[in-house]
Amino acid sequence: MSALGELATLRRKGPKGKVTMAPSERGDNKAAIFFLAPWFVGLGLITIGPMVASLFLSFTDYSLLQPPNWIALENYERMISDVRLHNSLRVTFTYVFVSVPLQLAAALALALFLDRGLRGLALYRSVFYLPSLLGGSVAIAILWRQIFGTNGLINQVLAFFGIQGQGWVSHPDYALGTLMILNVWTFGAPMIIFLAGLRQIPEMYYEAASIDGAGRIRQFMNITIPLLTPIIFFNLVLQVIGAFQAFTQAFVVSGGTGGPADSTMFYTLYLYQRGFTALDMGYASAMAWLLVVIVAGLTAVNFLLSKYWVFYND
Amino acid sequence: MSHLTRTKTSRRGFRLAAVAMAAGLALTACAGGDDGTGTDADAGDGGVATADPDAEATIKFSWWGSDTRHELTQQVIDNFMVKHPNITVVSDFTDWGGYWDKLATTVAAGDAPDVITHEERYLRDYATRGVLADLNEYSDIISLDSIDDSIIAAGQMEDGQYGIPTGVNAYSILADPQIFEEAGVEMPDDTTWTWEDYVEIAAEITANTPDGVYGAQDYGFNEPGFAIFARQRGEALYNEDGSLGFTAETLAEWWEISLELRDQGGTPPASTTVEIDAGGPEQSLVGTNSGAMAFFWTNQLGAVTNAAGRDLVLLRHPGESQFERTGMYFKPAMFLSMSARSQYPEAAATLIDYMLNDPEATEILLSDRGLPANTEVREAVRDQFSEVDQYAAEFLSDLETHIVDGLPVPPVGAGEVAEITRRINAEVLFDRLTPQQGAEQFIAEVSTATGN
């Protein structure tokens, strides 16, 4: 939601200056509400309803097969001693804290490169955006398993240089790394947002800086980065939330097991296993709410810290 | 300019709204369907006593498996519907991996299939939670006359018959004689070989064959292998009451042998093992002509033989004559069960009877659901078995005098044990846990999962 808000703000502040609301647009608002109504119904039935239900179920022993019984905080108490839950948190945090910064760095680098107005820019933009559309798909996850397999592409390239590779997705020390690379590879969405942000930085700052003798690196550090911090912040918040919800890649690459040896057991995957394989839906619901709290907490921290590094040039 | 933009936006908005509305409609439709099921189910319950066998009925039948099984089963269903024109059977099939997730979800949604294919590790979970019907109530429809009592017993629990085995299987070793020959190693005598022989033979084959060909595939990913290992020592994976029947030492020894195999080169490195394990029978070492021995269920012989493209041999487990007793057992390949909430239990029972007892069904399915449990039907279709199936059937009948007894129905929560075994096995193979630590963790986790 706020993504669209940010972009809309950027657009409105374009060369033509501030856009004011015309009288006829008030009628449009009514129409908008009318047409949005089905979406609100969906939001209630598909999102908020199930969330409320899962909050209730998290205080029960619901097994999917039998009606739930109230057990108060027992599920939450069990979490304290569940070592596999702790492991899944460790795996997920590692994944988020390593892959999101790398992904944003890749996105920014590509955006800077594309911002220089190459020929065939539209084509490049689409090409680099493609992984974002594909990255979450089952097909790419299967492809990933092949590429990083014992006889996969990576090892064939390594063999060319005389290096004996191994099964990367099937070794507990490397499996999570392959998933991180997959996440970094899907840099397209933040890249497009960075590109939009770069377009908003007025050319005159750079002109002034180069007259004063600032080099490219200096310009990047003192003009581009500060003016881009709101966009970086926005991308960071969005990607952190997205990375916490990562599921498909780990599910497909590990064949639904989170293996080898729980090394790719994302929090969401463990939640799914508890709920649907172990028929422990009450516990899984409690886990879902713990995730909500964790993500909300991290986002709050993000917003608090933003005061110290995000620069709004208003 | 602004007018143009607005038009565009509202057109897009309209499209979005249309999609949302369609979704909304679909949702309402689902809800409507749910209501319908609920009411009908109530009516069905009341109508059991006076049900008319010729009444129209629509039942859902769920199973897991390969594409071959889906095609064969669909043929059987089509024949069944010709024979019983008043019954419509809706097929609901998926692969093994997604089957249990899907089943649990449909049961929770009150939309359980009428005829449910089941497996021993999940049977008690569903039966004790009231999901499955007691099939004794339909004994006038489902005939069990030609099925061996010990096989029927596999689907019995304290208070009823919750599933009927479609056929039997045995966990055994598939061996590739061509690789034995290439390695210059003699085929073992499987009535007398020991676990030490197994380790030695595997290492010797790896040593005498080109890189990438191994003596054996790791066996530790699957708990039935350990059940046999424990039984050979007079122990058991589960006791009758569902408690654990083995010592940590026995389980540790099982993993020590598998580390010995790995260290002497008999089995591939751990990461290769994990990869093979994820690939299924077709990508197994034996299936790809790159391994001499692997543990499989007898009804997988056909699939692995196809993949390998050459004849394979079935062997008994090592150590069958080494300790206190033999460990191998007949396992019901799968069960046919009925939902306790079926609207048309008679129709569902008719389908179960047809699958089990009508030669017409078995002529198509042959041994795909295990060697047929109905001995009369088995004899009637024996000539139509492929060579591979006939060979497996002979291997199984030879085992009849060798096998002491079956396994009790595993406890509630046994479905989780497969996952626990696979995970701890990987921990042991990658040296993250010692066999002893692995065994202790296994016991702790399985005790929690099964509530013992």
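This is a predicted model: local features need pLDDT of at least 70, side-chain atom pairs count only at pLDDT 80 or more; totals for chains, interfaces and linings use all residues.
## Chain B overall

Chain B contains 17 helices and 15 strands. Of its 452 residues, 46% are buried. Among contacts between residues at least 6 apart in sequence, 75% join residues of chain B that are at least 24 apart.

Two domains are assigned in chain B: domain 1 (51–166 + 333–393) and domain 2 (170–331 + 413–450). Each of these domains is written as two sequence segments. Taken over C-alpha atoms, the centres of domain 1 and domain 2 of chain B are separated by 30 Å.

## Contact between the domains

The contact between the two domains takes 12 residues from domain 1 of chain B and 12 residues from domain 2 of chain B. On the domain 1 side, helix H4 (120–128) and helix H15 (387–399) of chain B each supply at least two residues. H4(B) gives the most to this side, with 4 residues. By class, the side of domain 1 of chain B that touches domain 2 of chain B has 5 nonpolar, 3 polar and 4 charged residues.

## Helix H4 of chain B

The buried residues of H4(B) are B:Glu120, B:Tyr122, B:Leu123, B:Arg124, B:Asp125, B:Tyr126 and B:Ala127.

Against which elements do the buried residues of H4(B) pack? The elements are helix H3 (96–108), strand S3 (115–118), strand S4 (156–157), strand S13 (330–332) and strand S14 (335–338), which belong to chain B. Just after H4(B), B:Gly130 takes a positive phi of about 75 degrees.

## Strand S3 and its partners

Strand S3 of chain B, one of the elements that the buried residues of H4(B) pack against, is covered on both faces. B:Val115 and B:Thr117 are buried on one side, and B:Ile116 and B:His118 are buried on the other.

S3(B) pairs with strand S1 (residues 57–64) of chain B through 2 bridges, and these strands run parallel. In this pairing, B:Phe61 has B:Val115 of S3(B) as its bridge partner. S3(B) is also joined to S14(B), by 4 bridges, and here the strands run antiparallel. B:Val115 stands opposite B:Met338 in S14(B).

In soluble globular proteins, nonpolar side chains tend to be buried together. The largest nonpolar core in this model has 167 residues, and those with the most contacts inside it are B:Ile59, B:Leu174, B:Leu351 and B:Ile352. Helix H4 (residues 83–114) of chain A gives the most to this core, with 10 residues. The core also draws at least three residues from each of domain 1 and domain 2 of chain B.

Leaving aside neighbours within four places in sequence, B:Leu351 is in contact with B:Ile59, B:Phe61, B:Phe80, B:Val89 and B:Val115.

## Contact between chains A and B

How many residues of chain A are in contact with chain B? There are 29, and they meet 34 residues of chain B. On the chain A side, helix H2 (24–57) and helix H13 (267–277) of chain A each supply at least two residues. The largest share of this side, 7 residues, comes from H2(A). By class, the side of chain A that touches chain B has 14 nonpolar, 14 polar and 1 charged residues.

B:Leu366 lies in the loop between helix H13 (359–365) and strand S15 (371–372) of chain B. B:Asp431 is found in the loop between helix H16 (417–429) and helix H17 (435–450) of chain B.

B:Asp431 is exposed, with 10 other C-beta atoms within 10 Å.

How values were computed:
Residues are numbered from 1 along each chain as its sequence is written. Chains are lettered from A and ligands numbered from 1 in the order in which they are written. A residue is buried if 20 or more other C-beta atoms lie within 10 Å of its own, exposed if 12 or fewer, and partly exposed in between; C-beta atoms are placed from the backbone. Domain bounds come from an automatic or database domain assignment. Two residues are in contact if their C-beta atoms, placed from the backbone, lie within 7 Å. Ala, Val, Leu, Ile, Met, Phe, Trp, Tyr, Cys and Pro count as nonpolar, Asp, Glu, Lys and Arg as charged, and the others, Gly among them, as polar. Two strands pair if DSSP finds at least two bridges between them. A nonpolar core is a set of buried Ala, Val, Leu, Ile, Met, Phe, Trp, Tyr and Cys residues joined through C-beta atoms within 7 Å.
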